[in-house]
Amino acid sequence: MIKKRKSLWRRLKENRAVQTLSTILLPVLFGVLIIALWQGQILHKIFNTDINTLPLPSRICRIILDNLPSIGENALYTIIVALAGLIIGSIIGYLIAVFASLFQKWGAGGLTIVGAFNAIPIVALAPVMSNWTKDVSSDPNFRSMVAKTLVVMIVCIASMSINAFRGLTELKPFALDLMSSYAAKKRTVFFKLRLPNSIPYVFTALRVSVPISIISAVVSEYFAEYIVGVGREIRENIVLGQYPTAWAYIVVACLIGIAMYGLLMAVEAIVLKNRRIKN
Amino acid sequence: MSRTNAYNPKNDVEIAINNVSVVFKDNKGNDVKALDNVDFDIHKGEFISLLGPSGCGKTTLLRTIADLLEPTSGNVRVSGMTPKEIRLMQKFGIVFQSPVLFEWRTVKKNIELPLEIMGYSKKDRSDRADEMLEMVGLTKFANHYPQQLSGGMQQRVGIARAFGIRPEILLMDEPFSALDEFTKEKLHLDLLKIWEKTNKTIVFVTHNIQEAVFLSNRICVLSPHPGRLSAVVDVDLPYPRTTDMRDTPHFGELVSKVRNSFEGGSL
């Protein structure tokens, strides 16, 4: 049998190391290209704008470095709101899913209603929450934190409950029959089958929730009573016409989002490692 | 190798199927008779096949034995008890069409799953699982995950898991139907070897006539629409069975005999 030698291009394309590298390398190269066009003021020509409205990357970097303590403090508040809302919301969402899976007849319908919460715009939710939490505490910073966290929480509940419900109920064919043949109790079925089955679905939910939690935290800061947080600083600085500082906070918001998503990917890779291995 | 548990018609009745009928509603709300008055006995230590084309109710019948389904009329008795009592005593081992392995557990942990549910100690579970892995020849793969194994190996893990609980009765629902011929023939021999060692009653559902003849000492032939028992054929090939028996004229005669016993002559 004559074995045809594959072309170099073909071999490169099929090489797994090259594939992984290219999925990381290509977006990074694209990013570098954009920053180069930006710094070289070519972007400004394309969009017909000036370096005051769209400050140069070098200037944004300098502002971040010069104001590190105050930016850090604002970022910390945003991260606390996003994480607290994400964690509490995801736990509540999972518990709703567990409850719905116990009563599957109504559960699926009930979750449609929870899903409808997802359709409420954050911009609408944020002022409502600010208003509702006015009597929670005499400390304006604390009650603002509660209001912002509630917004993030509500947004995260929906995606977690819907995905987790699927994870708890979409089982392999015959899996329930198998458990029933062992005379397994409902509790056992939950802990040995439903719960582990739902874990990949939990990560699917988090892939949506993590970026959304940052966005909701930032947007809800706009409407909060107490002036703190990355989102609020973006707004304040735009109002004052300090575009470079506003851009510095926009970059920080992006970095928080990327860092949290990266962290999630790392945790997912560890937790789901064994399920993904193939020969 | 001499057989100690060769099928003996004088053996006790283990599973009595008494006039079992099962009626389903189809999606238009009409009654569909899946099983119509099926009545026969399965003896202790038998390897019996429920054979028939799709729609003959063979899986339905297996599910009523396993207490995964209630018959509409008639009843099943296993060692004089109801299937539910037997199920709650954890005496059924079941192998399904797909291996139903949990991908978050290693091969060994999958075999230990029913033992965990039944409250065996950690050491007992581990010892039993090792023994079962050796029996199906997968000792080397104990710490692999199911998705790393081939379809045939996965089904062997499913069989090991079923035998691991030392069931009184093993119920198998087309366990090899998704496998290629070579793997299937090997697993046939493996299964017979395990059966000869363990003395269990096996009820084996299949739509493959050769498979039924090769494995069983008796074949219940079921015909469809409505599902009913049309014949019971004794297979008088001696055990232990060997692959070259498949090529003997007698094997061919048995296959024709089974084929002709379907109602209406042939399929």
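**Exercise 1. Describe the contact between chain A and chain B, and say which elements of chain A take part.**

Start with the totals: 19 residues of chain A and 20 residues of chain B make up the contact, where two residues count as touching if their C-beta atoms, placed from the backbone, lie within 7 Å. This is a predicted model, in which local features need pLDDT of at least 70, side-chain atom pairs count only at pLDDT 80 or more, and totals for chains, interfaces and linings use all residues. Residues are numbered from 1 along each chain as its sequence is written, while chains are lettered from A and ligands numbered from 1 in the order in which they are written.

Next, look at the elements on the chain A side. Helices H9 (175-181), H10 (186-223) and H13 (273-276) of chain A each give two or more residues (helices are DSSP runs of H or I, at least four residues, numbered from the N terminus). H9(A) supplies the largest share, five residues.

**Exercise 2. Find the largest nonpolar core and follow one of its residues.**

A core here is a set of buried Ala, Val, Leu, Ile, Met, Phe, Trp, Tyr and Cys residues joined through C-beta atoms within 7 Å; buried means 20 or more other C-beta atoms within 10 Å of the residue's own. The largest has 69 residues, and Leu51(B), Leu171(B) and Val203(B) have the most contacts inside it. Now take Leu171(B): leaving aside neighbours within four places in sequence, its contacts include Leu62(B), Phe92(B) and Val203(B).

Finally, a second, separate core of 54 residues includes Ile71(A), Val81(A), Val210(A) and Tyr249(A).

Terms used
Buried ≥ 20, exposed ≤ 12 C-beta atoms within 10 Å, placed from the backbone.
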